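I'm opening my notebook on this one and jotting down what I look up as I go.

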Amino acid sequence: METSKKVWIDCDPGIDDSFALLLAMKHLSVVGISAVGGNTGLDHTFRNARYVTELAGYGDIPVYAGYDMPMFAKPERAENIHGNSGLGNIMVPRLKEAQRKEHAVDALIDAFRYQKDMTLVTLGPLTNVAQALLKEPELKHRIPEIISMGGSVTTGNYNACAEFNIVVDPEAAKIVFESGIPIRMVGLNLCRQNSMTKDEVEQLKALPGLVAAAAADLLEYSVNQGRQSQLCDACAIAWLIDPAIITCALPMHVDVETKGEFTRGMTVCDYRDYIGMSPKEDIGREVCYPVDSGEKNVLAAMEFDKARFKELLIQTIKSYEV
Ligand SMILES: [Ca+2]
């Protein structure tokens, strides 16, 4: 399943980001990684991204530090989910001097200037990407596609409407979603179908090697927070590695709410086309009532093959020889 598919990954590791990186490094061609403040502050997310790449034997992948703070919003963190360091109980060793001095936004712009057919994967708040689009207006023509873990077709996690990555920086998300770049969205409605439990922790614990040990620690920490872990960011990367893991995806128009009294940070997904025919079905698989909903700027992942994902995850962690 290894491909030469080139990706740039913008992320805020983060437990589930770390699993996404482990999948990506093994199966895709990771040209660069940019860190953004989100789950924890940038000091930690930048350090953690470098830690995961070096632990896995991919220390040659360049990692760049981007923005710590959202464009306008007050910063929100998710240290209650990911631990104060962002990586649960793992004691991340002090790393060498900053690997790359260049700002992540400049590195991202340069990468898409010189690389063709590279997918941008976003696993955190969209601050870096929005700032890059503002700094280099041509960039939107050079990014063929974004795969984004963020938002939800249905309900949120931060509150009833909003998902964390979007609500942290709604203005940035709005810029990205309105950029015209095709977006494949892996929202909470999809990630909720992936529940990793103590069973998966035990399977990882049984594997040899430092990567497997770290993965087991991370997943155990996450499962202990809420009895199960959805590894949201890893679901997004899995779509690139093995498209059959996403068994249904629907094109729809999506706006990002930046003003609502209760709905700021919501991805307003117009799925009126797919209104379900059965009372047991909120969203059908096919167009039932076509409406003029505007440009379908998003392909939203809807259904997930958990068994196939789990197999990919375990086999990938097992394949690391460190
Ligand atoms: Ca993340």
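**Entry 1: two helices side by side**

I looked at helix α1 (residues 15-27) and helix α12 (residues 232-241) and found them packed at an angle of about 20°, with their axes 6 Å apart. This is a predicted model, so I'm reading computed positions here. Angles under 35 degrees count as roughly parallel, and α1 and α12 are therefore roughly parallel to each other. I also noted that their crossing is right-handed. On the α1 side, the contact is made by Asp 16, Asp 17, Phe 19, Ala 20, Leu 23, Ala 24 and His 27. On the α12 side, I wrote down Cys 232, Asp 233, Ala 234, Ala 236, Ile 237, Ala 238 and Ile 241. Sorting the residues of this contact gave me 10 nonpolar, one polar and three charged.

**Entry 2: the core**

Which residues touch the most other members of the largest nonpolar core? I got Ala 35 and Cys 235, out of 108 residues in that core. A reminder to myself: in soluble globular proteins, nonpolar side chains tend to be buried together.

I then listed what Ala 35 touches, skipping residues up to four places away in sequence. Among them are Cys 11, Leu 42, Phe 46, Val 63, Tyr 64 and Ala 104.

**Entry 3: helix α5 and what follows**

Is helix α5 (residues 127-135) mostly covered or mostly uncovered? Mostly covered, I found: seven of its nine residues are buried. Those are Thr 127, Asn 128, Val 129, Ala 130, Gln 131, Ala 132 and Leu 133. I checked what lies over them, and the cover includes strands β1 (6-11), β2 (29-35) and β4 (118-122). Helices α4 (104-114), α6 (139-142) and α8 (170-177) are also part of that cover.

Next I went to Glu 136, in the loop between α5 and α6. Glu 136 has 17 C-beta neighbours inside 10 Å, so it counts as partly exposed.

**Entry 4: Asn 165**

I picked Asn 165, which lies in helix α7 (residues 164-168). The cut-off for buried is 20 or more other C-beta atoms within 10 Å, and Asn 165 counts as buried because it has 31. Leaving out neighbours within four places in sequence, Asn 165 is in contact with Gly 38, Gly 124, Pro 125, Met 149 and Gly 150. For Gly 150 I noted a C-alpha to C-alpha distance of 5.5 Å from Asn 165, across 15 residues of sequence.

Most residues other than glycine have a negative phi, and most peptide bonds are trans. I went looking for exceptions.

- Pro 13 and Gly 14 are joined by a cis peptide bond, with omega about -15°. Gly 14 is in the loop between β1 and α1.
- Asp 117 has a positive phi, near 55°, and is not a glycine. Asp 117 is in the loop between α4 and β4, and is exposed, with 9 other C-beta atoms within 10 Å.
- Leu 231 also has a positive phi, about 45°, without being a glycine. Leu 231 lies in the loop between α11 (210-226) and α12.

Is Leu 231 buried or exposed? Leu 231 has 28 C-beta neighbours inside 10 Å, so I put it down as buried.

Key
Residues numbered from 1 in each chain as written. Predicted model: local features only at pLDDT ≥ 70, side-chain atom pairs only at ≥ 80, totals over all residues. Axes fitted to C-alpha atoms, helices over the stretch in contact; angles between N-to-C directions. Helix = DSSP H or I, 4+ residues; strand = E, 2+ residues; numbered from the N terminus. Parallel < 35°, antiparallel > 145°, perpendicular 65-115°, else oblique. Left-handed = near helix turned anticlockwise from the far one by under 90°. Contact = placed C-beta atoms within 7 Å. Nonpolar A, V, L, I, M, F, W, Y, C, P; charged D, E, K, R; others polar. Core = buried A, V, L, I, M, F, W, Y, C linked by C-beta atoms within 7 Å. Buried ≥ 20, exposed ≤ 12 C-beta atoms within 10 Å, placed from the backbone.
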